[in-house]
Amino acid sequence: MRHPLIAGNWKMYNNVSETMRFFDDFIKLVENLEGVEIAIFPPFTSLWEAAKKTAGTKIKIGAQNVHWEEKGAFTGEISPNMLKEIPCEYVIIGHSERRQHFAESDETVNKKVRAVLKHGIKPVICVGENLKQREENLTLKVVLPQVRKALADVELLSGEEIVFAYEPIWAIGTGKVATPEDAQEVIKSIRKEIETLYNKNIAENIRILYGGSVKPDNIKALMQERDIDGVLVGGASVDPQSFYKICAYKEQGVE
Ligand SMILES: O=C(CO)COP(=O)(O)O
């Protein structure tokens with residue numbers, strides 16, 4: 001059984017004092033929430049305080065990016081062992097904003113995935129098509145190669161050590177959420193692709209999230225789909241109340 005994961009990608013929001021205020025409220029709100037795993041991905045400068053604040057709570061911490069080398073002359077970069085020290089349980093790899101603005105490629109995604117797995121950090125690997133590709137019916141022709149290339153030479157033991165996030169670029173920050181049926185269809189195809197690359201057991205264990213304009217009022221329908229194992233939330237994760245409402249989707253009546 002895959003455990004639902006509700007993840008908040010803060011992007012370049014919430015400095016250290018805003019991070020502390022967020023957790024002052026959020027920790028109390030989620031204290032009694034059962035049956036979901038919650039992870040927050042603050043900017044690098046807030047990671048340390050976020051980890052200290054959430055130690056001993058059910059909230060996990062992750063980073064938004066990583067470099068694949070252990071150390072070296074790579075100005076501005078952060079290595080997997082630096083994240084491990086914090087400690088980060090997760091790291092987002094290949095977010096479309098990084099692919100688009102910072103020249104992240106399938107090759108660098110793959111290097112990062114292989115590097116973090118060596119440190120026991122779970123990558124949240126992002127894939128997704130843009131609007132033009134969707135309109136030209138190229139979604140799977142774009143997304144499935146992204147999945148295959150991210151996993152090149154990646155050995156998996158159970159599948160629980162990695163997470164995928166399907167984030168259609170046209171749905172990010174636009175208020176245009178994919179329909180639950182569309183998201184389910186792509187995510188199901190990703191799972192099938194993983195089955196071909198590994199085996200059924202691993203494919204069934206890997207959690208695949210949906211991301212793109214997830215809000216308290218659309219989470220419930222998304223989580224009802226068989227293959228959607230959670231969500232990666234941007235804008236609505238920065239505020240403790242709205243992110244709490246997303247985390248508490250089961251209390252809206254979904255089993
Ligand atoms: O990019 C996202 C999460 O990684 C989604 O962002 P929004 O929820 O703001 O659309």
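A residue counts as buried here if 20 or more other C-beta atoms lie within 10 Å of its own, as exposed if 12 or fewer do, and as partly exposed in between, with C-beta atoms placed from the backbone. By that definition, buried residues make up 41% of the 255 residues in the protein. This is a predicted model, in which local features need pLDDT of at least 70 and side-chain atom pairs count only at pLDDT 80 or more, while totals for chains, interfaces and linings use all residues. Residues are numbered from 1 along each chain as its sequence is written.

View 1. Helices (H or I, at least four residues) and strands (E, at least two) are DSSP runs, numbered from the N terminus. The C-alpha atoms fill a box of roughly 50 × 45 × 35 Å along the principal axes.

**View 2. Here is the shell of 14 residues around the ligand.** Asn 9, Ile 172, Gly 211, Gly 234 and Gly 235 come nearest; a residue is near a molecule if its C-beta atom, placed from the backbone, lies within 6 Å of it. By class, the shell has five nonpolar, eight polar and one charged residues. Nonpolar covers Ala, Val, Leu, Ile, Met, Phe, Trp, Tyr, Cys and Pro, charged covers Asp, Glu, Lys and Arg, and the others, Gly among them, are polar.

**View 3. UniProt, in an unreviewed entry, places a "binding site" at Asn 9, Trp 10, Lys 11, Gly 173, Ser 213, Gly 234 and Gly 235.** These residues span 227 residues in sequence, yet no two of their C-alpha atoms are more than 13.9 Å apart, so they gather at one spot. UniProt positions follow the numbering used here, feature names are shortened, and annotations may be inferred rather than shown by experiment. Lys 11, in the loop between β1 (5-9) and α1 (16-30), is partly exposed because 19 other C-beta atoms lie within 10 Å. Gly 173 sits in the loop between β6 (163-166) and α8 (180-197) and is exposed, with 12 such atoms. Leaving aside neighbours within four places in sequence, Gly 173 is in contact (C-beta atoms, placed from the backbone, within 7 Å) with Gly 234 and Gly 235.

**View 4. The "active site" in the unreviewed UniProt entry consists of His 95 and Glu 167.** Although spread over 73 residues of sequence, they cluster in space, with a largest C-alpha distance of 8.4 Å. His 95 is found in the loop between β4 (90-93) and α4 (96-101), and is buried, with 28 other C-beta atoms within 10 Å. Glu 167, in the loop between β6 and α8, is buried too, with 29. Beyond its neighbours within four places in sequence, Glu 167 has contacts that include Ser 96, Ile 172, Gly 211 and Leu 232.

**View 5. Strand β8 (residues 230-233) pairs with β1 in the parallel sense over four bridges.** Strands pair if DSSP finds at least two bridges between them. Leu 5 has Gly 230 in β8 as its bridge partner. Strand β7 (residues 207-211) also pairs with β8 in the parallel sense, over two bridges, and Gly 211 stands opposite Leu 232. Gly 230 and Leu 232 point one way from β8, Val 231 and Val 233 the other way, and all are buried. In a regular strand the side chains alternate between the two faces of the sheet.

Key: Contact = placed C-beta atoms within 7 Å.
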